[in-house]
Structures are given as C-alpha cells and as structure tokens.
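Please keep the viewer open while you read.

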Amino acid sequence: MKLSKELYAIASSIAHETNGFFDTKGPGAGNLSTNQFIDLVRSRAEQAFGEDYSEQKICGDNSMAVDFYFPEEQTVVEIALGIKNPNTEFEKDILKALMARSLGNKIRNLVFICKPGGYKKCNQPGRKAMIEWLQNQNGMTLEVWDL
C-alpha cells in the first residue's frame, strides 16, 4: 500500500501545518475547513503521484465516488475526518467499496484517514462488528489511520 501510505503522509503533513485543524468548528465553519483540507490533499497528491486518483466514480452509473482509488494496490481510501462522531458515512463508505468491487473493480483494502479518535471509535462493538463482517464475509480489510 505504497500510494495509500504516501497519501496518508500528505494528509498528515497538511493537517499538522494547518493552524486549528484539530479544533472542533461545528457546522458551516467545519464543512468549509474540511472541504479546503480535502481540496489541498487532492492537489498535493496529484502533484506527488503524477496522476489524479481522487473522486473515482467506480460505483456504477450514479453520482457516488470514492475519495481515492489506487487500482494497483486494490485500495480505496476515504478521508473520513469526522469518523469519531456517532453519525458518519462509515457504513456508506463500506457499501461504496463493496459496490465498486461488485462492478469488477479490484478492491481488497479500505482505508479511512481520520482525525484522532477515529481508530478508537472503530474499535467499539458496532463498528468492530462491521469491520469483522467485511473481512470474514467479503475478504476485504479495513484500516483506520488517525492523523
């Protein structure tokens, strides 16, 4: 997972160089901050990789897209900054990866890049059960990388 690890390093670098990145901002200001962060990650990743792997529409003929897809690694990466919160897109992101795979895209790994606390939240019973189901019933690994 070389490219996904490099993407994590890019995201981590941007997060740590952005004043107030880890502060809770709430609706509105938080959405704007998240969008700016993701745009910067996409831009730097494209520069680093020489190719745009972001916003890949691999889920069929619809508007759904995964944040990043690295076909040679068979890995989908979702920037899931709010995953530590109770209501997130955790399940939807899992379904997008499964849907994309069912359409012939080779996907063996799903990675969430999140703010601190995401890894801990994903070890709680409900999410842990989803992760184990994904692995045991679908042969896909899920990793959570806190920034």
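## Charged pairs and aromatic rings

Asp67 has a relative accessibility of 10%, so Asp67 counts as buried (buried means under 20% relative accessible area, exposed over 50%, partly exposed in between, with a 1.4 Å probe and protein chains only). The model is a predicted one: local features need pLDDT of at least 70, side-chain atom pairs count only at pLDDT 80 or more, and totals for chains, interfaces and linings use all residues. Residues are numbered from 1 along each chain as its sequence is written, and side-chain values use heavy atoms, with hydrogens and water left out.

Let us stay with Asp67 for a moment. Its partner in a salt bridge is Arg42 (a side-chain nitrogen of Lys or Arg within 4 Å of a carboxyl oxygen of Asp or Glu). This pair links distant parts of the chain, with Asp67 in strand S2 and Arg42 in helix H2 (residues 29–49), 25 residues apart. Helices (H or I, at least four residues) and strands (E, at least two) are DSSP runs, numbered from the N terminus. Arg42 is buried too, because its relative accessibility is 19%.

In the whole structure, a search finds 6 salt bridges. Three of these pairs are set out here.

| Salt bridge | Closest N to O distance |
|---|---|
| Asp67 and Arg42 | 3.9 Å |
| Glu78 and Lys96 | 3.5 Å |

Glu78 pairs with Lys96; Glu78 lies in strand S3 and Lys96 in helix H3 (residues 90–102), so parts 18 residues apart in sequence are tied together. Both Glu78 and Lys96 are buried. Asp93 is buried, like Lys96. Elsewhere, salt bridges that share partners join Asp39, Arg42, Glu55 and Asp67 into one network.

Now for the rings. How many aromatic pairs does the rule give? The count comes to 8, where rings of Phe, Tyr and Trp (its six-membered ring) pair if their centres lie within 6.5 Å, and planes under 30 degrees apart count as stacked, over 60 as edge-to-face and the rest as tilted. Tyr8 and Trp145 have ring centres 5.7 Å apart and planes at 75 degrees, so this pair is edge-to-face. Tyr8 is partly exposed at 22% relative accessibility, whereas Trp145 is buried with a relative accessible area of 10%.

Phe49 and Tyr53 make another edge-to-face pair, at 5.8 Å centre to centre and 75 degrees between the planes. Both Phe49 and Tyr53 are buried, and together with Phe68 and Phe70 they form one aromatic cluster.

Finally, a look at helix H5 (residues 125–138), where Ala129 lies. Ala129 is partly exposed, because its relative accessibility is 42%. From Ala129 to Glu143, 14 residues along the chain, the C-alpha atoms are separated by 14 Å.
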